[in-house]
Amino acid sequence: MNFICNFPCFSIVLCIFGGIISSALKGRAAKYLNAFILAVVAVMSACVLGYTLQTGESFTYVMGRFPAPWGNEIRAGVLEGGMALFFSLIMILSLFAGREKLNEEVDPEKMNLYFIMINLLLSSLLALVYTNDLFTAYVFVEINTISACGLIMIRQTGRTIEAATRYMIMSLLGSGMLLMGICMLYDMTGHLLMENIHANVQILAESGQYHIPLMVTIGMICVGLAIKSALFPFHTWLPDAYGYSTVSSAAILSSLVSKGYIFLLLKIIYRVVGFDVIYGSRVTDILFVFGLAGMIMGSLSAIKENDIRRMIAFSSVAQIGYIYMGFGLGTQVAVVASVFHILSHAATKSLLFISASGLVDASGGSKKFIDLTGSGYRNKIAGVAFSVGALSMVGLPLFSGFISKLLFAQAAVRNSGKMLPTLIVLAISTILNAIYFMKTVIRIYTPVESEYPVIPVKRHKVFGLAMVCFIALNVFLGLCSDLVIRLIETGLSMFA
Amino acid sequence: MGANLLSNYGEAVAMILFGIGFSNLLFQRNLIKKIIGMNIMDTAIYLFLAEKGYIAGRIAPIIIDGDQSVERYINPIPSGLVLTGIVVSVSVTALMLSLTIRLYQRYHTVDLDKISTMLQKEGR
Amino acid sequence: MDFLMYILLGFLVVCAVAVSISKNLLNSILIFMSYSLIMSIIWIRLESPDLAITEAAVGAGVTTVLFFVTLKKLHTMKEQEEEKEAGADQAGGEKHE
Amino acid sequence: MSEKKTHKQKFSEWFYGENDPFVAAMPVQEQKEHQVDEKTLQEYEKERAERHEKVFDIAHNGKIRAFRRSYRVLGVMMCLLMISILLLAVSYLPRTGNPANPDNNEVSRVYIENGLQDTGAVNVVAGMILSYRAFDTFGETNVLFIATCCVMILLMLDEKALHTSGLSNDRFYEPKNDWILQKIAKILVPIIFVFGIYVMLNGHISPGGGFSGGAILGAGMILYVNAFGFKKTQKFFNETVYKVIKVGALCIYGVLITYFFFMGANGLNNHIPLGIPGHILSAGLILPIDVLVGLEVACTMYAFYALFRRGGL
């Protein structure tokens, strides 16, 4: 076995170790340790990606001495390696860009606890990406939930604690349903490993045995994960959680945490229940309808909002609606579009949150639009970055958002039954996006005599650098989309 | 309705408890009751699993006198899973309770609706 | 044999409903404690002694203690708050006089 | 030449915020001062306040009361709907207690038939969670760890606040040094500790293991604190001890389990003797991991209690 095959396991364990050791360190040391770990994980994930591309097939890694149906297993392919690399990159950039804010808003004595949360969050994301076992997935979903809660409430104001409570309640509902689904699936198939469940579910679906429990199970797992990733009717906790937490947390939560659950759902669709069974069951139509509703309702709420951070948070609701709509369309092309949108949204949303915090800093700390007028001139790099993010969200060519919208439209055209509603909603949602993002961009570039001082780029070099990296990532996704899409297609074909 | 409802009475009770816990967690306004509801929901799932591992007339999977025949012991997997789950639910409970304490410190109530109204009244 | 199981399971449901409708928080916590104990007995009947020990120690023991501490904390805070308010009123009154 | 700036200079000036070409170059139109009619403003404010009063007056707002009632009805309805769907699913699931159920397949058979030889543990459940499915259990220990960290974020007070704030002192209303409690605790605590250690050490032979043993130990410590107060406990268990035990136990656990994963996955011999099944010193890694997990769990349970009580260890 090649030594690189050890890397997925090593990266998960390394993150956990980082978390454990950070609890004995001071804030500064924990920060450096965390940066080191993130870099190592990124390198390892890149190695895994390269290795799987080279060999052209995925590999499984036995956690312990015992092979397939008895022991735990993790599995890595192109999509897993790519996702892990992408997640760690976004995390590095978000943390670097939000570092100054972090120092301001977090109690220095509790700084090391923040980095414990970050480390364990990354470990759980990696485990969700790599896992090949449903119960392991459940355990790490819990770690993910608790650490995300810690990220929200590390900035201790009344609002964040209330938001954390709401988040925990909704998440616990979701995990309860997910666990119930897993237990029922275990009861019907007798396995917890994805491949074995898949084989047994195929047999059950063909023979028609346990038809009703199987449908209920699929429904519970889908709804549970949808609740956890804030699909439209379950999104009530989201605006507060993203709007008031410290900026790195908001960026990480919006771009990574919900995406981890979505990736798990993708794995369950492909590797546990099976593509044909899950679309034969029509359960995904629920996801489709909720996704469409979310696309419109999220945008409408965002238009009404008077606070820039909350506006971006509501825009997340709409974007998660896009992803679920892609799952609901039920074709391979649509799923590719969804996965691409996961990447594109993660890159764009963290950019928006962080640049918005730069704009807010240039407006005396007020998040109201009236105070933000002309802030694009006062903090130039943040203004440019926000415009790039906004244009990408609206779907201008050259940026990543355009490609994902194009892919969604293509996928919709090929699905005759759902073509019309999808295209109509896509168009309406794009217009709504344009309304609230262009409104903001125009506002931040309206010249005005302001009492707030100009923030020169020199003073925030790290922030500027991170912004440039984010913009580059966004443009890369927009321009080299062929490469990325090919990677996603290869990865999905390895799933089956 | 399937044929196995009466013979699966244990699971049926587990499902009823799950429903009660779920709606307590979702609809109760008092945070402490919400947390109790969460615990009920979790234990219901564990009860379901434990029922599924049980096999009539067999004993706990602790090997006695070196007798390793399958016919003698129940299925060990659900027990292991539940063991993992119990620890998860106690840590989540502790976290939720500490959130409750902090919320009470700040807003002097454990009613989540009242807290939201207060927040709206305060404006953002 | 089965009869005992019926009683225990019925007791569980009664406890769960009682928790949801009881007005007093202390009562609901006590009921929840007995719920956990019953659950651990059921697990012994289902031949899972590992679970029974863990549930008795964690569910009925530590979790309930944590609930009690929380409730006590809330009451202490309430009393402190009232004392403070009473003190403030007194001080205000004296000033006015 | 010196008056005309090159593009590069201009850009760098703009970039570093020394001079903004747009601010000066763009004409700023004079805006008319917005005239506020005092009367209208006052009326508006008054109206708004009234509306606020009306909306948030929960006790007398009929709409909100109706909404709450319908909310409750909706809750019960949803509960019933969910229960009936789940019951429907249950009625089609395999029968309880039937040996031919799908979950009694080759997986559980191998756990029972080969478990003793593979893991050395007489208790098949312990062997399963600590050897076959060791990764899950490692994750679960980390759930406990991260939950403690979250509780610390929320409730931990710094040194100064610990001594001054009234929050840390809720023993005010209790009798201090209660004689009966102390005498009983003196008898009970050692018994509880011995039992906890017994359960912890015998996890691979009899029911129990790290988690239950640790929880029992933690419960014993909580009883001790209740009887004798935090001052006495701090003599042998303060924050430093807690940190050393927590980090030490988790680190050793992590190292052991990583070694186990690495050797197992690469097909190497891990040189861990399994011993004679049934003896205390047997079952390879299971015994040390049980002890480590037990210590971690005991510390965590006590830390939860102490943080809840006084915001520090």
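This report walks through a predicted model with several chains, from whole chains down to single residues.

## Ground rules

Residues are counted from 1 along each chain as its sequence is written, while chains are lettered from A and ligands numbered from 1 in the order in which they are written. Since this is a predicted model, local features need pLDDT of at least 70 and side-chain atom pairs count only at pLDDT 80 or more, but totals for chains, interfaces and linings use all residues.

## Chain A as a whole

Let's start with chain A, which has 22 helices and two strands. Helices (H or I, at least four residues) and strands (E, at least two) are DSSP runs, numbered from the N terminus. The C-alpha trace of chain A spans about 75 × 55 × 45 Å along its principal axes. Chain A has a radius of gyration of 22 Å, which agrees with the value near 23 Å that a compact globule of 496 residues would have. That radius is taken over C-alpha atoms, and the globule rule is 2.2 Å times the number of residues to the power 0.38.

How many of the 496 residues of chain A count as buried? The share is 65%. A residue is buried if 20 or more other C-beta atoms lie within 10 Å of its own, exposed if 12 or fewer, and partly exposed in between, with C-beta atoms placed from the backbone. As for contacts (C-beta atoms, placed from the backbone, within 7 Å), take those in chain A between residues at least 6 apart in sequence: 79% of them join residues at least 24 apart.

## Chain C as a whole

Of its 97 residues, 40% count as buried. Among contacts in chain C with a separation of 6 or more, 38% come from residues 24 or more positions apart.

## Where chains touch

Now for chain A and chain D: 57 residues of chain A are in contact with 52 residues of chain D. On the chain A side, α1 (7-22), β1 (59-63), α5 (111-130), α6 (134-153), α7 (158-189) and α9 (211-228) each supply at least two residues. Which element gives the largest share of that side? It is α6(A), with 11 residues. By class, the side of chain A that touches chain D has 38 nonpolar, 11 polar and eight charged residues. Here Ala, Val, Leu, Ile, Met, Phe, Trp, Tyr, Cys and Pro count as nonpolar, Asp, Glu, Lys and Arg as charged, and the others, Gly among them, as polar.

Chain C meets chain B too, with 32 residues of chain C in contact with 36 residues of chain B. The elements of chain C that give two or more residues to this side are α1 (2-21), α2 (25-45) and α3 (49-96). α3(C) gives the most, with 16 residues. This side of chain C holds 20 nonpolar, seven polar and five charged residues.

## Two helix pairs

Two packed helices are described by the angle between their axes and the distance between the axes. In chain A, the axes of α11 (residues 247-273) and α14 (residues 308-329) come within 12 Å and cross at roughly 15°. That makes α11(A) roughly parallel to α14(A). The contact residues include Ser254(A) and Ile262(A) of α11(A), and Ile320(A) and Phe327(A) of α14(A). By class, this contact has six nonpolar, three polar and one charged residues.

In chain D, the axes of α6 (residues 124-132) and α7 (residues 134-155) come within 5 Å and cross at roughly 85°. α6(D) and α7(D) are therefore roughly perpendicular to each other. Axes are lines fitted to C-alpha atoms, for helices over the stretch in contact, and angles run from 0 to 180 degrees between N-to-C directions. Angles under 35 degrees count as roughly parallel, over 145 as roughly antiparallel, 65 to 115 as roughly perpendicular and the rest as oblique. Ile129(D), Leu130(D) and Ser131(D) in α6(D) meet Ala134(D), Asp136(D) and Thr137(D) in α7(D).

Ser338(A) is in helix α15 (residues 332-361) of chain A. Buried or exposed? Ser338(A) counts as buried, with 25 C-beta neighbours inside 10 Å. Leaving out residues up to four places away in sequence, Ser338(A) touches Ile323(A), Gly326(A) and Phe327(A).

Ala230(A) is in the loop between α9 and α10 (238-244) of chain A. Its phi is near 65°, a positive value in a residue other than glycine. Ala230(A) counts as buried, with 31 C-beta neighbours inside 10 Å. His108(B), in the loop between α3 (76-107) and α4 (112-122) of chain B, has a positive phi as well, near 60°. With 14 C-beta neighbours inside 10 Å, His108(B) counts as partly exposed.

Definitions and conventions
Two residues are in contact if their C-beta atoms, placed from the backbone, lie within 7 Å.
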